[in-house]
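Here is a set of questions about how the terms for one protein model are applied. Each answer sets a value against its cut-off.

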Amino acid sequence: MLNAGLFYREVGGSMTEAEILSIRNELTALIVSVVSVSFGMISAYIVGLWLFLKDAPLGLRVLALLLLSFGLAFMGVMTGGLHGLMLGTERAWSKLATPSTEIVSFGGERPEYLHGFSLYEASAALGCIAFAAIWVALFFFTFFYRWSGHR
């Protein structure tokens, strides 16, 4: 449905509410999958760090963190692309005269508690901050932390 809906929009037809909701649900599932895989990669790295990398030579630790970094960067780029598609569904939704679901927007609102940021922008910033903090912590544990009873 995702490809058919996008093709239909490209050839000049307007999308229906059901098509937009369907695409939106598929994109949301993809984003949840990307986040899940990212946390799986991080969890596997932590286990590998505890079991093997804490005693590994420097070159192997560098390689392991480099592979994790490339994997997370790939997931970040994918999330950025999906974010663009999500914004496309927001634009398509705004063109509907009166949606029967009475949903005004999917996250473009700017509530006061976010100090001018939209829900989209706040969630993207939170994700970037969280993954950057996790990466910094793993960098520290990979190269600087002294594991008890080791080294």
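The questions below go from the overall make-up to single residues.

Q: What kind of model is this, and how are its residues numbered?
A: This is a predicted model, in which local features need pLDDT of at least 70 and side-chain atom pairs count only at pLDDT 80 or more, while totals for chains, interfaces and linings use all residues. Residues are numbered from 1 along each chain as its sequence is written, and side-chain values use heavy atoms, with hydrogens and water left out.

Q: How do you know which elements the protein has?
A: Helices (H or I, at least four residues) and strands (E, at least two) are DSSP runs, numbered from the N terminus. On that basis the protein has 4 helices and 0 strands, in the order α-α-α-α from the N terminus on.

Q: What makes the span of helix 2 close to the one expected?
A: The expected span of a helix is 1.5 Å times one less than its number of residues. Helix 2 covers residues 17-51, a count of 35 residues, and reaches 51 Å from its first C-alpha to its last, close to the expected 51 Å.

Q: Why is M15 called buried?
A: Buried means under 20% relative accessible area, exposed over 50%, and partly exposed in between (1.4 Å probe, protein chains only). M15 has a relative accessible area of 11%, so it is buried. M15 sits in the loop between helix 1 (2-10) and helix 2. Its C-alpha is 9.6 Å from that of T89, and the two residues are 74 apart in sequence.

Q: How much of the protein counts as buried?
A: Of its 151 residues, 30% count as buried. In helix 2 the buried residues include I20, I23, R24 and L27. An α-helix has 3.6 residues a turn, so residues three or four places apart point the same way.

Q: Why is F39 called partly exposed?
A: F39 has 39% relative accessibility, so it counts as partly exposed. F39 lies in helix 2.

Q: Is A132 buried or partly exposed, and why?
A: A132 counts as partly exposed because its relative accessibility is 41%. A132 belongs to helix 4. From A132 to L72 the C-alpha distance is 10.0 Å, at 60 residues apart along the chain.

Q: What makes the contact between E121 and R110 a salt bridge?
A: A salt bridge is a side-chain nitrogen of Lys or Arg within 4 Å of a carboxyl oxygen of Asp or Glu. The closest N and O atoms of E121 and R110 are 2.8 Å apart, and the pair forms a salt bridge. The pair links distant parts of the chain, 11 residues apart: E121 is in helix 4 and R110 in the loop between helix 3 and helix 4. The structure holds 1 salt bridge.

Q: Why are E121 and R110 called partly exposed?
A: E121 has 34% relative accessibility, so it counts as partly exposed. R110 is partly exposed because its relative accessible area is 48%.

Q: Why is H115 called exposed?
A: At 70% relative accessibility, H115 counts as exposed. H115 is in the loop between helix 3 and helix 4. It has a positive phi of about 50 degrees although it is not a glycine.

Q: What makes a nonpolar surface patch of W135, V136, F139, F140, F141, F144 and Y145?
A: Patches are made of residues with over 30% relative accessible area and no salt bridge, where like charges are joined within 9 Å and nonpolar side chains (Val, Leu, Ile, Met, Phe, Trp, Tyr) within 5 Å. Accessible areas come from the Shrake-Rupley method with a 1.4 Å probe, and for residues only the protein chains shown count as cover. The patch made by these residues is about 630 Å². One of them, Y145, has 32% relative accessibility and so counts as partly exposed. Y145 lies in the segment after helix 4 (119-143).
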